[in-house]
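Have a look at the sequence and the 3D view first, then read on.

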Amino acid sequence: MTVEIAPSIEQPDTGLVQDLRPSPNHGERRGHARVDTLILHYTGMPAGRGLDMAERAIRWLAAPESQVSCHYVVAEDGRITQMVAESRRAWHAGVSSWMGDSDINSRSVGIEIAHPGHPWDLAKAPDADPAEPAPVHPGYCDFPAVQIDAVTRLAADIVARNGIVAERVLAHSDVAPGRKRDPGERFPWAQLAQSGVGLWLDPEPVGGGRFMTRGDRGEPVAAMQALFGLYGYGIEIDGVFDERTADVVAAFQRHWRPALVDGVADQSTVTTLHRLLRACRLADAA
């Protein structure tokens with residue numbers, strides 16, 4: 001039996017790429033004629049084992065045993081590395097869903113941003129050496145300006161070449177609520193939108209008013225779930241504010257109402273969701 005060896009990237013898909021580091025973890029795109037989604041991630045791997053954040057992530061994404069990959073990695077200093085050709089299905093989104101589609105990898109390009117991510121137990125890092133003491137996570141921090149500038153330029157290039165509409169520039173946490181938190185509430189979505197990448201609107205300020213939370217049931221919960229589903233989130237419309245619903249609310253807050261991420265559907269969250277849906281309808285009609 002012959003095992004197919006993944007081909008190397010012979011040339012980058014964009015002139016913004018400064019390095020090619022092919023990953024074997026990819027395959028054919030399934031069932032989609034073209035890419036229509038851009039997913040932004042953070043690597044969630046702090047510097048360690050004598051490597052900076054980007055290099056550590058790249059080595060893991062290039063390891064066959066990792067079974068993960070991405071199309072691009074953007075280092076802290078803005079250096080852009082391509083690992084999988086855009087024509088190929090990289091393994092970056094995992095178990096995910098958007099607009100009823102559960103194969104996000106087949107229709108998306110994935111950008112990994114070198115960043116330590118939210119705190120977690122580094123002893124459980126997939127590339128950890130059990131002989132070495134586990135370092136302490138440095139904490140969730142802001143993204144360097146030079147890195148965000150590079151991400152913005154790369155994302156603008158990708159969406160322009162692939163015709164990706166603004167509402168399909170998404171966070172990993174959008175397509176995998178509860179399972180993923182990246183790139184998180186400190187990611188500057190507004191800055192990307194100002195450069196023509198993705199959507200942004202100023203969220204309704206956090207304040208008082210009615211709210212829904214875990215354990216609530218009834219038509220108001222079902223109506224709210226329907227709105228989240230209309231925007232694209234994978235959510236069951238059953239009128240029960242369960243853990244999955246809270247995960248979706250928190251994912252929405254990370255992207256659209258980052259001042260408070262608590263999974264509670266307060267007035268600020270629901271009003272921001274209504275305004276976002278109106279903005280999307282206006283964009284579709286333009």
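Thr-81 sits in strand β5, which covers residues 80–82; strands here are DSSP runs of E with at least two residues, helices are runs of H or I with at least four, and both are numbered from the N terminus. With a relative accessibility of 5%, Thr-81 counts as buried (buried is under 20% relative accessible area, exposed is over 50%, partly exposed is in between, using a 1.4 Å probe and protein chains only). Setting aside residues up to four places away in sequence, Thr-81 touches Asp-19, Arg-21, Ile-58, His-71, Tyr-72 and Val-73, where contact means heavy atoms within 4.5 Å.

Residues are numbered from 1 along each chain as its sequence is written, and side-chain values use heavy atoms, with hydrogens and water left out.

The chain has a mean pLDDT of 93, and 95% of its residues reach 70 or more; pLDDT is the predictor's confidence in each residue, on a scale from 0 to 100. Residues 1–5 stay under 50, and the model gives them 0 contacts beyond four places in sequence. Where pLDDT is low, the predicted coordinates should not be read in detail.

## Helix α1

α1 is mostly covered, with 8 of its 9 residues buried. Among them are Met-53, Ile-58, Trp-60 and Leu-61. The buried residues of α1 pack against β4 (72–74), β5 and β7 (108–113).

## The largest pocket

The largest pocket holds about 600 Å³ of space. Of its 26 lining residues, Tyr-42, Thr-43, Gly-44, His-172 and Lys-180 are the closest to the centre. Points are joined across faces, edges and corners, and the volume is the space filled by probe spheres set on them.

β3 (37–42) and α1 (53–61) each supply at least two lining residues, and α1 gives the most, with 3.

His-172 belongs to helix α3 (residues 172–175) and is buried, at 4% relative accessible area. A polar contact of 3.0 Å links its side chain to that of His-41 (a pair of N or O atoms within 3.5 Å; within protein, one must be able to donate a hydrogen and the other to accept it, and residues adjacent in sequence count only if both atoms are side-chain atoms). Beyond four places in sequence, the contacts of His-172 include Ile-39, His-92, Lys-180, Asp-182 and Pro-183.

Asp-182 and Pro-183 are joined by a cis peptide bond, with omega about 0 degrees. Pro-183 lies in the loop between α3 and α4 (189–194).

Technical notes: Predicted model: local features only at pLDDT ≥ 70, side-chain atom pairs only at ≥ 80, totals over all residues. 1 Å grid on protein atoms, 1.4 Å probe; cavity = no way out; pocket = protein on both sides within 12 Å on 5 of 7 lines; lining within 4 Å.
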